[in-house]
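Student: I would like to go through this structure with you. Could we begin with how the chains meet?

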Number of protein chains: 2
Amino acid sequence: MTAEDMLAVAVEEARTGLAEGGIPIGAALFDADGRLLGRGHNRRVQDGDASMHAETSAFRNAGRQRSYRGTTMVTTLSPCWYCSGLVRQFGISHVLIGEATTFHGGHDWLAEHGVGITVVEDPALVELMTTFIAERPELWFEDIGQD
Amino acid sequence: MTAEDMLAVAVEEARTGLAEGGIPIGAALFDADGRLLGRGHNRRVQDGDASMHAETSAFRNAGRQRSYRGTTMVTTLSPCWYCSGLVRQFGISHVLIGEATTFHGGHDWLAEHGVGITVVEDPALVELMTTFIAERPELWFEDIGQD
């Protein structure tokens, strides 16, 4: 599976979230062989659940795993500190990021701690988040804990 | 509400988790006035949910909040990187920790970033986790992502 194919799964999740009236961020977790372990999207609006960012949702949907060695977390947006902490704690090996223009989370910190980081900077994803933030700023800032 | 009273809520959650056959870590989130916003415990075993550490469970159960300014996350055990990332991202102001002897997570990093940290080092909690880790090492190491 190519990086493009993996990112496409996360993008599909983000667009599903948007269609549901939610925050358009999607993610997917793949094992070392490119097999999909779990996919998900932000569920703050849909479930009233502040703990379900896209990455935590994909991680949860992957079920219990004995090890995350060799896995790749794909996310449409740079992971916040919460989701970066998830990657570091569970030893997820790689993070493939759709864009880090509209939000720059903890991926530099992850790189310092040995996580492989790839940032695509997909213009369509930058546009998706730019539009969303302009239209629903209160929801966006709530989701990243900014007053 | 005193720190002791707040910690007692998290301890009750940890003991509930143990009684359910789960990992005995509990947490609770309080607002600036000492009002309980949410409480919870690790749910890896009970729900097969790897994303529900004690702190994320308490955070989730607190529902959507516009701001975490002034809040205190109380946890029976030092928060791992995942839960430390949660605290940093959402601007939780204080973390009250039952013990950091059996596991030392990200609380020093949180202190460097301005979070108020209190470590109680409660001997009963050290005993609780020491016994649990000795009896169920595979479950404990799975929960912190160690091979």
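**The interface and its symmetry**

Tutor: Let us start with one pair: in this predicted model, Arg60(A) forms a salt bridge with Asp49(B), with the closest N and O atoms 2.8 Å apart.

Student: How many salt bridges are there between chain A and chain B?

Tutor: Between chain A and chain B the count is six salt bridges. As background, side chains of opposite charge can pair when their charged atoms come close.

Student: And how many residue pairs are in polar contact across that interface?

Tutor: The rule finds 17 residue pairs in polar contact across the interface of chain A and chain B, both residues being at pLDDT 80 or more.

Student: What rotation superposes chain A on chain B?

Tutor: A rotation of 180 degrees, with 0.0 Å of shift along its axis, superposes them with an RMSD of 0.0 Å. The two copies are therefore related as by a two-fold rotation axis. The same surface serves both copies, since 100% of the contact residues of chain A recur in chain B.

Student: Which residue of chain A comes closest to the rotation axis?

Tutor: That is Gly85(A), whose C-alpha comes to 2.4 Å from the axis.

Student: Changing topic: what is the salt-bridge count over all chains?

Tutor: The count over all chains comes to 20 salt bridges. One pair within chain A is Arg39(A) with Glu13(A), at 2.7 Å from N to O. Arg39(A) lies in strand β2 (residues 36–41) and Glu13(A) in helix α1 (residues 3–19) of chain A, so this pair ties together parts that are 26 residues apart in sequence.

Student: Last one: what does the UniProt annotation cover in chain A?

Tutor: According to the unreviewed UniProt entry, "domain: CMP/dCMP-type deaminase" covers residues 1–117 of chain A. Over that range the chain is 38% helix and 21% strand, and its end C-alpha atoms are 17 Å apart.

Conventions. Residues numbered from 1 in each chain as written. Chains lettered and ligands numbered in written order. Predicted model: local features only at pLDDT ≥ 70, side-chain atom pairs only at ≥ 80, totals over all residues. Heavy atoms only, no water. Salt bridge = Lys/Arg side-chain N within 4 Å of Asp/Glu carboxyl O. Polar contact = N/O pair within 3.5 Å; in protein donor to acceptor, adjacent residues only side chain to side chain. UniProt positions renumbered as here; feature names shortened; annotations may be inferred. Helix = DSSP H or I, 4+ residues; strand = E, 2+ residues; numbered from the N terminus. Least-squares fit on C-alpha atoms with pLDDT ≥ 70 in both. Contact = heavy atoms within 4.5 Å.
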